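User: I am new to this structure and would like a guided look at it. Could you show it first?

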Amino acid sequence: MVFLLQLIVSGLVIGGVYALVALGFVLIYKASDVINFAQGEFLLIGAHLALTFLLVFNLPFIPAVLGALTVAVVLGAAVERVVLRPLIGEPIISMIMATIGLSSALRGLLQVFWGTETRTFPNIFPQDAINLGGVVVSQVYLWSLGIALVLLALFSFFFKRSIMGIAMRATADDQQAALSMGISVKVAFAVTWALAAAISTVGGVLLGNINGVNISLAHFGLKVLPVVILGGLDSIPGAIVGGFIIGILENLAGGYLDPLLGGGVKEVAPFIILVLILMLKPYGLFGKQVIERV
Amino acid sequence: MTRVWSRGAHHTGRPSMLTLNNVEVMYDNVILVLKGMSMAVPQGKIVALLGSNGAGKSTTLKAISGLLKAEDGAVTDGDINFEGQRIDNQSADAIVRRGIFQVMEGRRVFEHLTTEENLLAGSYIRRDRQNIKRDLSLVYDYFPQLMKLQKRTAGYLSGGEQQMLAIGRGLMARPKLLLLDEPSLGLSPLLVREIFEIIRRINQEEKTTILLVEQSATMALGIADYGYIMENGKIVLEGTAEKLRDNEDVKEFYLGLTEVGKKKSYREVKHYKRRKRWLS
Ligand SMILES: Nc1ncnc2c1ncn2[C@@H]1O[C@H](COP(=O)(O)OP(=O)(O)OP(=O)(O)O)[C@@H](O)[C@H]1O
Ligand SMILES: [Mg+2]
């Protein structure tokens, strides 16, 4: 029982981070039908930036993260402006190819600036584990989960209630109609990329705190793909629910099946779940269906 | 700024809010669609722009609102002035901010947003956010049906409800000039009458100037003060709504008051009449 709870709790934590990263994907996909293959690099850059502000500029944690966020937002908007905007109107596949190119380019730059060594965060969150009715959880995990949840709530609120959030969803629905309301598609796209970069930075910092900062962070960006497809590529609630489902199921599979089958199930589990769900719901759990009225 | 007086202003004796002078529009740098289009919309009035399929009515509205640029179209000659300033070289969002709002043909509601979110999207350019709640209830006053559909996904509304939503969305921007592109499209005659009545009320109660594009002239001339008839990219006839309603040619071709004949253009009707007069 305790073992089960233990697995669920770590599943929730990792699921929260999955959800954040998935949200970054979804934002961009929703706005422009583009799958951003450079999402993983955004995570890694975010983590490195925060570390740099923390260790090189000796800022306290919160200002360091705010600094990293600021740079990430500028970077995200710049990527949109320089890489994606010239391709507006070209086939979607060209844009997707561009993000693959971007991914390699960013990875190269990352190595130039920060090398390939694993960098570790100084202890930011309290380290001692706490005992929740028999389940022992490290506080880093709880903090990560808490921060992820707060951010997810903020984003949901932003898209549901704020005028900019509504404008961005409107643009995703019908660009020309959005333009007729005075919504600048350029602004909406720039904000999308800036937000995706910001949210990836937070994801990168949280994960980096748990696992250290190295290239595996960038791979995490792609591991999230099943989450997004599961939730429905264009659904914000889908990204959140999908993140938690995959996080928990992956941990359960790892905990119970790995010992029986000799390992590896944890890594495959998300993809198996994905295939099963897509067979039942081709648009993902929450994906936008094409509305047809008769 | 110089006030622009143009030929269209003569019917009011006041400077017009909007004027088009010999506007030429091309799509994709080759397809010439507007060929010297001139018209004027005086402040506070309802002006109808009539014409058959492909005459260039929607293109005219898009030239005014700047949406043309999103379709690879451009004003290649002439000018468009709004409140004394040239707008044909401005971006669509800048033009909305100036107070011109186009309700596009075919309703174009945001299908995956709710009714209320659609209305809020219409208020995007507003700076006075504190008045948005009040204006939402204003829209629900004009369109009571929308009230109970607030949380409904707009894609599932009926055609009539979507048209009301599209106009309501325009109201939320509080424009000075509302451009309506075929609000009667695909609606039952009863519903068209209802919507036209609301358009008339909006004009009177909100003091919103309206440029109304329609194919069916009867209803449009019923609420308009002045009308233009366009064909093949330019205006071929204009006059007060009353005069146009009484005009024999308009009656015959646009109001369908004579027996149903083969499709003729307004010009052909005119030629035919002239010839008849010559002969008799
Ligand atoms: N984006 C475009 N690219 C090229 N040609 C276009 C474009 N939009 C319209 N046209 C052409 O311009 C002409 C006028 O079209 P427009 O839509 O303005 O007509 P309309 O008077 O609104 O017709 P309807 O009553 O059918 O809506 C048509 O011949 C049309 O084919
Ligand atoms: Mg049209």
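Analyst: The turns below go through the ligand site, the strands and some backbone details.

User: What should I know before we start?

Analyst: This is a predicted model, in which local features need pLDDT of at least 70, side-chain atom pairs count only at pLDDT 80 or more, and totals for chains, interfaces and linings use all residues. Residues are numbered from 1 along each chain as its sequence is written, chains are lettered from A and ligands numbered from 1 in the order in which they are written, and side-chain values use heavy atoms, with hydrogens and water left out.

User: Which residues are closest to ligand 1?

Analyst: The closest are B:Asn53, B:Gly54, B:Lys57, B:Ser58 and B:Thr59, among 15 residues that surround the ligand. A residue is near a molecule if one of its heavy atoms lies within 4 Å of it.

User: And what classes of residue are in that shell?

Analyst: Four are nonpolar, seven polar and four charged. Here Ala, Val, Leu, Ile, Met, Phe, Trp, Tyr, Cys and Pro count as nonpolar, Asp, Glu, Lys and Arg as charged, and the others, Gly among them, as polar.

User: Where are the polar side-chain atoms relative to ligand 1?

Analyst: B:Asn53 has a polar side-chain atom 2.6 Å from an oxygen atom of ligand 1. For B:Glu182, a polar side-chain atom lies 2.9 Å from an oxygen atom of the ligand. An N or O atom in the side chain of B:Glu71 is 3.1 Å from a nitrogen atom of ligand 1.

User: How much of ligand 1 does the protein bury?

Analyst: The protein buries 69% of the 630 Å² that ligand 1 exposes when taken alone. Accessible areas come from the Shrake-Rupley method with a 1.4 Å probe; for residues, only the protein chains shown count as cover.

User: Which elements give two or more residues to the shell?

Analyst: They are β2 (31-42) and α1 (57-65) of chain B. The largest share, three residues, comes from α1(B). Helices (H or I, at least four residues) and strands (E, at least two) are DSSP runs, numbered from the N terminus.

User: Changing topic, how many helices and strands are in chain B?

Analyst: Chain B has eleven helices and ten strands. Of its 280 residues, 56% count as buried, where buried means under 20% relative accessible area, exposed over 50%, and partly exposed in between (1.4 Å probe, protein chains only).

User: What is the strand order in the open sheet of chain B?

Analyst: The four strands run in the order β2-β1-β4-β5, with antiparallel pairing. At the edges stand β2 and β5 (85-86) of chain B, each with a single partner strand, so one side of each is left without a neighbour in the sheet. Strand β1 (residues 16-27) of chain B pairs with β2(B) over nine bridges, and B:Leu20 has B:Met39 as its bridge partner. Two strands pair if DSSP finds at least two bridges between them.

User: What about the hairpin in chain A?

Analyst: Strand β1 (residues 129-132) of chain A is antiparallel to β2(A), with four bridges. Two residues lie between these strands, and A:Gly133 takes a positive phi near 55 degrees.

User: Which residue other than glycine has a positive phi near 50 degrees?

Analyst: One of them is B:Arg174, in the loop between α6 (159-172) and β7 (177-181) of chain B. B:Arg174 counts as partly exposed, at 35% relative accessibility.

Definitions and conventions. A polar contact is a pair of N or O atoms within 3.5 Å; within protein, one must be able to donate a hydrogen and the other to accept it, and residues adjacent in sequence count only if both atoms are side-chain atoms.
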